[in-house]
Amino acid sequence: MNRVEFISCLETQLSKIPQAERDEILYDYEEHFSIGLEHGKSEEEIAQDLGDPKAIGKQFTADAIVKQAAQSKTAGGITRAVFAIAGLGFFNLFFVLGPFLVLAGLLVALFAASVAIMLSGLALVFSAFAAPVFPGSINLAGINPAVIVFSGIGLASFGALCFIGMIYVAKWFFQGILWYLNLNVRLIKTGGIKND
């Protein structure tokens, strides 16, 4: 692979990166070729020393997506970052995507549980008020309606508090995921993780 082929392939892989950052990366790799040629190397040798431009482009793209996710701090941005990192290699598929899916599933389940608790409390309150209107359909089993109302209010409040707590847990989860993704990107850049 010569200089033009290498740079062209790299530029194609960097298409999702902002133009200014893309130009800077391409300039750096152009410099690698210029310096290598000055030291008597052929373009093919330099390209071989630099590595696969597709893998290099994927790494830079994943790094840019992780930076964007850290700035936006949205669930969609973080999910994009996880999938971008997971696409870098076999190792990342298991050690990035796997834990993310498990923890995200647990987070969704806990949110759903808090909503279910809240709705159960509201249903209790509704049943206490609806029992006199629909005497044959709703049976309070001899329990005082005031007890049911206050129990329902307590249960709905507990569900609401759980939901609010889960919002904080979700924020910590996203911060932890971003930390883990940045660690993964640093390991890849320093050669600590070999990609397929």
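## Lining of the second largest pocket

In this predicted model, the second largest pocket is lined by Thr12, Gln13, Ser15, Lys16, Lys58, Thr61, Ala62, Ile65, Ala84, Gly87 and Leu88. Its volume is about 160 Å³. By class, 5 polar, 4 nonpolar and 2 charged residues make up the lining of the second largest pocket.

Two elements, α1 (3-13) and α4, each give two or more residues to this lining. The largest contribution comes from α4, which supplies 4 residues.

## Packing of α4 against α7

Helix α4 (residues 53-72) also has a partner in helix α7 (residues 145-190): the two axes come within 10 Å and cross at roughly 155°. Angles over 145 degrees count as roughly antiparallel, and α4 and α7 are therefore roughly antiparallel to each other. The crossing of α4 past α7 is left-handed.

## Residues at the helix contact

On the α4 side, the residues that meet α7 are Gln59, Asp63, Val66, Ala69 and Ala70. Their counterparts in α7 are Leu178, Leu181, Asn182, Val185, Ile188 and Lys189. By class, this contact of α4 with α7 has 7 nonpolar residues, along with 2 polar and 2 charged ones.

Technical notes
Residues numbered from 1 in each chain as written. Predicted model: local features only at pLDDT ≥ 70, side-chain atom pairs only at ≥ 80, totals over all residues. Heavy atoms only, no water. Axes fitted to C-alpha atoms, helices over the stretch in contact; angles between N-to-C directions. Parallel < 35°, antiparallel > 145°, perpendicular 65-115°, else oblique. Left-handed = near helix turned anticlockwise from the far one by under 90°. Contact = heavy atoms within 4.5 Å. Nonpolar A, V, L, I, M, F, W, Y, C, P; charged D, E, K, R; others polar. 1 Å grid on protein atoms, 1.4 Å probe; cavity = no way out; pocket = protein on both sides within 12 Å on 5 of 7 lines; lining within 4 Å. Points joined across faces, edges and corners; volume = space filled by probe spheres on them.
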